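Please look over the model below before reading on.

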Amino acid sequence: MPILSVKNLSKTYPKFQLNHVSFTLEKGYIMGFIGRNGAGKTTTLKSMMRLVYPHSGEVIVDGLDFNQNEFECKQKIGFVLGGVDYYPKKKIKTITEVTKRFYKSWDEEAYLGYLKRFELDQDKRIDELSAGMRVKYSLALALSHHAELLILDEPTSGLDPVSRDDLLNLFQELIQNEDKSILFSTHITSDLERCADYITYIKDGNIIYSEDKETFLNRFLEISGKQDQLTPELEKHLVGMRKHRFGFEALIASQQEINLSSYEISKPNLESIMIHLERD
Amino acid sequence: MKNLLYKELKLSIHPTNYLFLALPLMLLIPNYPSYVAYIYMCLSLFFLFLLARENKDVYFSSLLPIQKTDQVKARVVVVMALELLQILISIPFAILHFTIPIINQAGIEPNLAFFGFQFGMFAVFNLFFLTGFYKTAHKIGIPLLIAGIVSILYYILAESLVWISNPFQSFLDSTVLSVILKQWPILLIGITIWVCLGYITYKISANRFLKVDV
């Protein structure tokens, strides 16, 4: 049974539409949720958690329908939506004191461990924390109640490289040692190269790909060549082409019939795929 | 619910909300309209919502493992608890008002009928203010304005009953204990309206809030 299944989630705004978003995350894996700013990542996550009221759609968490079992589902989820920015004049310990009461399986020892790991001082007020520290505090709260599924919205943005590295390690530890599952949105693709098992790609409110990372990376080849090599026939097959003084570069589907032996071909990384797909 | 109320006490309620509870002290001011102390309560409730909004309370509460409508329920309970507390705190001051006694030419005496009317006013204020707020969960000025106007109209109507000549005038404005004790049905009706409208207020607010994007 998948830990998370999203089916046909739709939400219409005057200038933006989330269009029948569907994807599934199996237990014990990390899914990267990627897309440009404004593509609908946060709206999707908020709609899943009912912070935003979706017009239609279904969210199933560990076999339970979210709409009918909001309380149980939220107990199973650790949700981080950027850094903590509520009650800025209150101390960390006051906010934790309130928050922990809501979780049946709050683990004080784990919480104190995360505070130590993230170097957070309980006596500090929220507005005394830097942007990165606020994200870390938010993570500490989400990780301390033994959530089975972590839904994290851009957890690594605002963190310094050392903290980011530490966090990605932590994600992998959680997957390996505790059988957790993680869905995290980001536009920092290198984070996903390192730890994601699945990629779900959203563009203008539509999910265009949701599959395992290898399949996604093998979907395309990066192709470049000289200007005179750019035939109209080839151009029809190119994705996100950019012309420059010496020639062109683009993506091309790895499964097609054109003979590519005269071109420079390489395996693209996530960033390169994303840039080309968005250029189209 | 217990946890949400703890959250309200620990994070949302500001100490000035408690300070406003002491304002029935104003019942001891000679020739001063009795209702004024309770208008301040509406202002206190406005501050509660204003501070909660500035502290992103709705967002914080929406992240907690609760039903979305539970946070509306907790807030309605807090609002009504503060109102009830203020009325309970009024009792010794009302008794003092009659035993000193304080001369009051400025309107209704703080007797049982008065408290019945005051419960009715709280009911009307809650209905307009809370349901108005939970339409957006962030716009607070217009709901206050509308609830304020409706409450003032209610007060005008209630005070008219002791100012304009009518068969109930002296009964409603009485300072005589035996007459005051006979006013209990008005108090009971006031409390019933307050409770029933409180429930309706919660239902409408919760339904509206479900559709709000946090």
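1. A salt bridge here is a side-chain nitrogen of Lys or Arg within 4 Å of a carboxyl oxygen of Asp or Glu. B:Asp213 forms one with A:Lys11, and their closest N and O atoms are 2.8 Å apart. Between chain B and chain A the count is 2 salt bridges.

2. Ground rules. This is a predicted model, where local features need pLDDT of at least 70, side-chain atom pairs count only at pLDDT 80 or more, and totals for chains, interfaces and linings use all residues. Residues are numbered from 1 along each chain as its sequence is written, chains are lettered from A and ligands numbered from 1 in the order in which they are written, and side-chain values use heavy atoms, with hydrogens and water left out.

3. Polar contacts across the interface. The rule gives 16 residue pairs in polar contact between chain B and chain A, both residues at pLDDT 80 or more. A polar contact is a pair of N or O atoms within 3.5 Å; within protein, one must be able to donate a hydrogen and the other to accept it, and residues adjacent in sequence count only if both atoms are side-chain atoms. On the side of chain B that touches chain A, helix H1 (2-12) and helix H4 (57-63) are the elements that give two or more residues. Helices are DSSP runs of H or I, at least four residues; strands are runs of E, at least two; numbering starts at the N terminus. H1(B) supplies the largest share of that side, 7 residues.

4. Interface extent. In contact (heavy atoms within 4.5 Å) are 25 residues of chain B and 26 residues of chain A. The two chains bury about 2700 Å² between them, 62% of it on carbon and sulfur atoms. Buried area is the accessible area (1.4 Å probe) that two parts lose on being put together, summed over both.

5. B:Ser34. Where does B:Ser34 sit in chain B? It is in the loop between helix H2 (15-20) and helix H3 (36-54). B:Ser34 counts as buried because its relative accessibility is 4%; the cut-off is under 20% relative accessible area (1.4 Å probe, protein chains only). A polar atom of the B:Ser34 side chain lies 2.8 Å from the backbone oxygen of B:Ile108. Leaving out residues up to four places away in sequence, B:Ser34 touches residues including B:Leu27, B:Asn104, B:Pro110 and B:Phe114.

6. Chain A overall. Chain A has 10 helices and 14 strands. Of its 280 residues, 52% are buried. Its C-alpha atoms fill a box of roughly 70 × 40 × 40 Å along the principal axes.

Definitions and conventions:
Buried < 20%, exposed > 50% of the residue type's maximum accessible area, 1.4 Å probe, protein only.
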